[in-house]
Amino acid sequence: MKDGFQINEISKFFNVPASTLRYWEEMGVLAAKKNPENGYRIYTVSDLMTISDILFYKNLGIPLKKIRDMEKMDFTEGMRCAG
């Protein structure tokens, strides 16, 4: 299995411009690792799941800033209080 995917592969797979993926990274919603040899972004399977989540929330009309805040939330805290 591959160690990761390059931005052009992810862009084609999700039909999202590479510039959008870079913007999401700037906004703190997505964090790709960089290849130390060439500086290219490397997206993991976990990143693919994050991108899928971002697209899902965007299709619901949720702004990117709220999506970023949702990613930072700890949903297990509410579960501890409810128990």
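**Helices and salt bridges, in conversation**

Me: Which residue follows H2, and what is its phi?
Reply: Happy to start there, bearing in mind that this is a predicted model. H2 is followed by a residue with a positive phi, near 85°. That residue is Gly28.

Me: Which residues of H2 are buried?
Reply: Buried here means under 20% relative accessible area. In H2, that label goes to Ala18, Leu21, Trp24, Glu25 and Met27.

Me: Which side chain does Glu25 meet in a salt bridge?
Reply: Side chains of opposite charge can pair when their charged atoms come close. For Glu25 the N to O distance is 2.7 Å. The pair links distant parts of the chain, 16 residues apart, with Glu25 in helix H2 (residues 18-27) and its partner in strand E2 (residues 41-42). The partner is Arg41.

Me: Is Asp69, which forms a salt bridge with Arg68, buried, partly exposed or exposed?
Reply: In that salt bridge, the closest N and O atoms are 3.9 Å apart. Because its relative accessibility is 40%, Asp69 counts as partly exposed.

Me: How far apart are the end C-alpha atoms of H3?
Reply: Helix H3 (residues 45-59) has 15 residues. At 1.5 Å a residue, H3 should span 21 Å. The model agrees, with the end C-alpha atoms apart by 21 Å.

Me: Within what arc do the buried residues of H3 fall, seen down its axis?
Reply: The buried residues are Asp47, Leu48, Thr50, Ile51 and Ile54. The face turned away from them carries the exposed residues Met49 and Asn59. The buried residues line one face of H3, because they fall within an arc of 160°.

Notes: Residues numbered from 1 in each chain as written. Predicted model: local features only at pLDDT ≥ 70, side-chain atom pairs only at ≥ 80, totals over all residues. Heavy atoms only, no water. Salt bridge = Lys/Arg side-chain N within 4 Å of Asp/Glu carboxyl O. Helix = DSSP H or I, 4+ residues; strand = E, 2+ residues; numbered from the N terminus. Buried < 20%, exposed > 50% of the residue type's maximum accessible area, 1.4 Å probe, protein only. Expected span 1.5 Å × (residues − 1). Arc of directions from axis to C-beta.
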